[in-house]
Amino acid sequence: MLDPETIAQLADELAAADRDKTVIPRITARHPDATIDDSYAIQGVWRDTMLASGRRLVGRKIGLTSKAMQQATGITEPDYGVMFDDTVYDTGAQIEFDRFSNVRIEVELAFVLREPLEGPHCTLFDVLRATEYVTPALEVLNSHIELEGRTIVDTISDNAAYGGMVLGGIPMRPDQIDLRWVSAMLYRNEQIEETGVAAGVLNHPATGVAWLANKFHQHGARLEAGEIILAGSFTRPMWVQRGDSVLCDYREMGTITCRFV
């Protein structure tokens, strides 16, 4: 375990990298004995600093829940991070490219909770009962740690590489659609770059939300009513550059668009 001073120092480094749009050396290269618990401790110190500065927490993101994402990153277990109010965009948004580092897009479904969810035995069915609606979402990845050779410890410390999310499409109740078969075509500048089906996320996207509720129970916490939970990407991340336009077609769940300026 890292000592509290080191954890605080690394959280400060990540906050500075976010502010200055820079990248820091891998934590695991400097602290090879750092554990997953250490990484969540770093993320927690960073989160509390952001909350103290006036940012408001609106939900959580789950990452690395699909084979596509695990193969793309070389990391084989899910992780999670926090989402703040100033990181949420509506479809059609023009997004400032320079706000992020290592900018990529992921295709996801967002669960908006009507009721709290807590472990230790939260199931897929509990998630479906507690969900008010599910809506298409794009996640904007924002990595402040060098990508080459990173491990899950590096990724979790960096708030699971979360930068922002774009919400759009047609919100639906979980009983209106078979969420396993939600499909998406992701376009960059009018060219299809990625396709996927939501069952790629742990066989059902709600399974990821149940995983998170059970994970939170280990820390004496729960998911609260009104929170937005990004369930994880069912495509590989797509790199974007300044000037790129992005469109994702979710078929019966509608479309999302944004442009990076």
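Five strands form an open sheet with mixed pairing, in the order β4-β13-β12-β8-β9. Strands here are DSSP runs of E with at least two residues, helices are runs of H or I with at least four, and both are numbered from the N terminus. Two strands pair if DSSP finds at least two bridges between them. β4 (93–95) and β9 (191–197) stand at the edges with a single partner strand each, so one side of each has no neighbour in the sheet. On average, neighbouring strands of this sheet are turned by 20° against each other, direction ignored. The axes behind this angle are lines fitted to C-alpha atoms.

The model is predicted; local features need pLDDT of at least 70, side-chain atom pairs count only at pLDDT 80 or more, and totals for chains, interfaces and linings use all residues. Residues are numbered from 1 along each chain as its sequence is written, and side-chain values use heavy atoms, without hydrogens and water.

Ala93 stands opposite Cys258 in β13.

The whole structure contains 0 disulfides (cysteine sulfur pairs within 2.5 Å). For Cys248, the nearest cysteine sulfur is that of Cys258, 9.7 Å away. Cys248 is buried, at 0% relative accessible area. Cys122 also counts as buried, at 7%. Buried means under 20% relative accessible area, exposed over 50%, and partly exposed in between, with a 1.4 Å probe and protein chains only.

Helix α7 (residues 205–217) has buried residues including Pro205, Val209, Leu212 and Phe216. Lys215 is also among them. Their cover includes β1 (57–63), β2 (79–84), β5 (104–113), α5 (124–130) and β10 (228–230).

Key: Contact means heavy atoms within 4.5 Å. Axes are lines fitted to C-alpha atoms, for helices over the stretch in contact, and angles run from 0 to 180 degrees between N-to-C directions.
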